[in-house]
Amino acid sequence: KGSYDQPYKEVSLLVTYTGPGGESFTHYGFWEEGDIFKIRSTFPKAGKWTWRTSCSDKTNERLHEITGEVTVNPYDGNNPLYENGFLTISRDKRTLVHANEKPFLWIGDTGWYVLRESTAAEWKKYIDDRARKEFTVIQAHVANSFGIAPNAYGQLPFENDIPNRLFWTDLETKIEYANQQGIVVYLVGLGVSGKGGYNPAMNTKEFARYITGRLAGNFVIFSPGMDAAYDEQNDLLGGYLREADARHLISQHVKTDLGAAEAYHSKEYLDFTSMQSGHHGG
């Protein structure tokens with residue numbers, strides 16, 4: 001236990017996972033509440049994996065240099081996400097594929113507000129319907145595109161610039177259910193540049209570590225921008241997200257603006273841009 005006024009901002013927790021054949025990867029744990037930190041992951045292959053933490057506060061004996069192991073069994077099911085692995089860019093950089101290089105067909109539904117505004121029952125009904133219709137991606141954003149607003153239960157994403165655990169638990173539970181039905185969630189608008197702007201608390205290294213750590217085990221894609229032209233603040237968060245997470249795809253969702261898309265293409269953190277062609281008069 002540390003004596004922190006704001007552990008979310010004062011402490012970071014990096015975790016290194018090492019598995020069969022010496023394969024390894026890292027990502028952040030996340031602060032939950034009080035003095036509780038959590039770690040999550042999804043593993044790329046079966047076998048024994050060990051993990052070791054590295055806390056920014058090396059005097060914290062409950063967080064620093066903590067080790068453990070987990071035995072991962074082979075997947076036995078027909079969920080294409082669990083069977084084929086995280087999404088990545090193909091070797092020729094022309095298409096999206098799974099970790100095992102099986103092609104991924106993006107059939108997306110722009111349910112922009114549904115992730116935030118639905119109850120758990122409404123989300124389940126929506127996802128079940130989209131799964132029956134063979135959608136593979138739900139495109140949604142955390143914040144209302146006209147400003148920060150509460151979810152269906154009246155919970156705001158932040159309180160005094162600190163993540164509200166109830167809001168984010170609701171969000172991650174919904175994402176997990178979508179993944180269980182074989183659907184990837186494309187989280188758009190994680191930055192501060194869009195219609196009306198977003199909470200500045202989202203455009204920080206702390207938030208990048210928090211959201212990537214919280215969703216480390218989920219099939220998600222991150223985009224700071226939402227129907228916006230090129231913006232340096234979205235660029236900033238894109239870099240923070242990549243620094244925190246080397247395993248998930250990072251995009252920028254621009255409006256119908258080829259110039260805006262091309263402005264991002266030289267950025268090292270970026271995997272691809274997405275554009276809603278024909279939208280906004282394009």
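The numbered points below describe a predicted model, taking its sheets, helices, aromatic rings and selected residues in turn.

1. **The antiparallel sheet.** Four strands make up an open sheet, arranged in the order E2-E1-E5-E6 with antiparallel pairing. At its edges stand strand E2 (24-28) and strand E6 (67-72), each of which pairs on one side only. Direction ignored, neighbouring strands of this sheet are turned by 25° against each other on average.

2. **Pairings within that sheet.** Strand E1 (residues 13-18) and strand E5 (residues 47-55) run antiparallel and are joined by six bridges. Within E5, Thr-53 stands opposite Val-15. E1 also pairs with E2 in the antiparallel sense, here over five bridges. Thr-18 has Ser-24 in E2 as its bridge partner. Five residues lie between E1 and E2, which form a hairpin, and Gly-21 in the turn has a positive phi of about 70°.

3. E9 runs parallel to strand E10 (residues 137-141), and two bridges join them. Gly-108 stands opposite Val-137 in E10.

4. **A histidine in strand E10.** His-141 has its place in strand E10. Is His-141 buried or exposed? His-141 has a relative accessible area of 1%, and it is therefore buried, the cut-off for that term being under 20%. Leaving aside residues up to four places away in sequence, His-141 touches Trp-112, Tyr-113, Leu-115, Arg-116, Val-188, Gly-189 and Met-226.

5. **Aromatic pairs.** How many aromatic pairs does the structure hold? There are 21 aromatic pairs. One of them is formed by Phe-43 and Trp-49, a tilted pair with 5.4 Å centre to centre and 45° between the planes. The two partners may be described by their accessibility: Phe-43 is partly exposed at a relative accessible area of 23%, whereas Trp-49 counts as buried at 0%. The pair of Phe-158 and Phe-207 is tilted because the planes stand at 55°, and the ring centres are 5.7 Å apart. This pair links distant parts of the chain, with Phe-158 in strand E11 (residues 158-159) and Phe-207 in helix H6 (residues 205-214), 49 residues apart. Both Phe-158 and Phe-207 are buried.

6. **A cluster of rings, and charges over rings.** Phe-158 and Phe-207 also belong to a cluster linked by ring pairs, together with Tyr-8, Phe-30, Trp-31, Phe-167, Trp-168 and Tyr-210. Elsewhere, charged side chains sit over rings. The charged end of Arg-130 is placed over the ring of Phe-135, 5.6 Å from its centre. Arg-247 lies over the face of Phe-25, and the distance to the ring centre is 3.8 Å.

7. **Helix H6.** Helix H6 is mostly covered, with seven of its ten residues buried. These buried residues are Phe-207, Ala-208, Tyr-210, Ile-211, Thr-212, Gly-213 and Arg-214.

8. **Helix H7.** Does the span of H7 (residues 232-244) agree or disagree with 1.5 Å a residue? On that basis its 13 residues should span 18 Å, and the end C-alpha atoms are 19 Å apart, which agrees. The buried residues in H7 are Asn-234, Asp-235, Leu-237, Gly-238, Tyr-240, Leu-241 and Ala-244. The buried residues of H7 pack against E2, H6, E14, strand E15 (251-254) and helix H8 (258-264).

9. Glu-101 is not a glycine, yet it has a positive phi of about 75°. Glu-101 is placed in the loop between strand E8 (96-98) and E9, and it counts as partly exposed at 44% relative accessibility. Asn-160, likewise a residue other than glycine, has a positive phi near 55°. Asn-160 is found in the loop between E11 and strand E12 (162-163). With 73% relative accessibility, Asn-160 counts as exposed, because that term applies over 50%.

Technical notes
Residues numbered from 1 in each chain as written. Predicted model: local features only at pLDDT ≥ 70, side-chain atom pairs only at ≥ 80, totals over all residues. Heavy atoms only, no water. Pairing = 2+ DSSP bridges. Axes fitted to C-alpha atoms, helices over the stretch in contact; angles between N-to-C directions. Phe/Tyr/Trp six-rings, centres within 6.5 Å; stacked < 30°, edge-to-face > 60°. Buried < 20%, exposed > 50% of the residue type's maximum accessible area, 1.4 Å probe, protein only. Lys NZ or Arg CZ within 6 Å of the ring centre and 35° of its normal. Expected span 1.5 Å × (residues − 1). Contact = heavy atoms within 4.5 Å.
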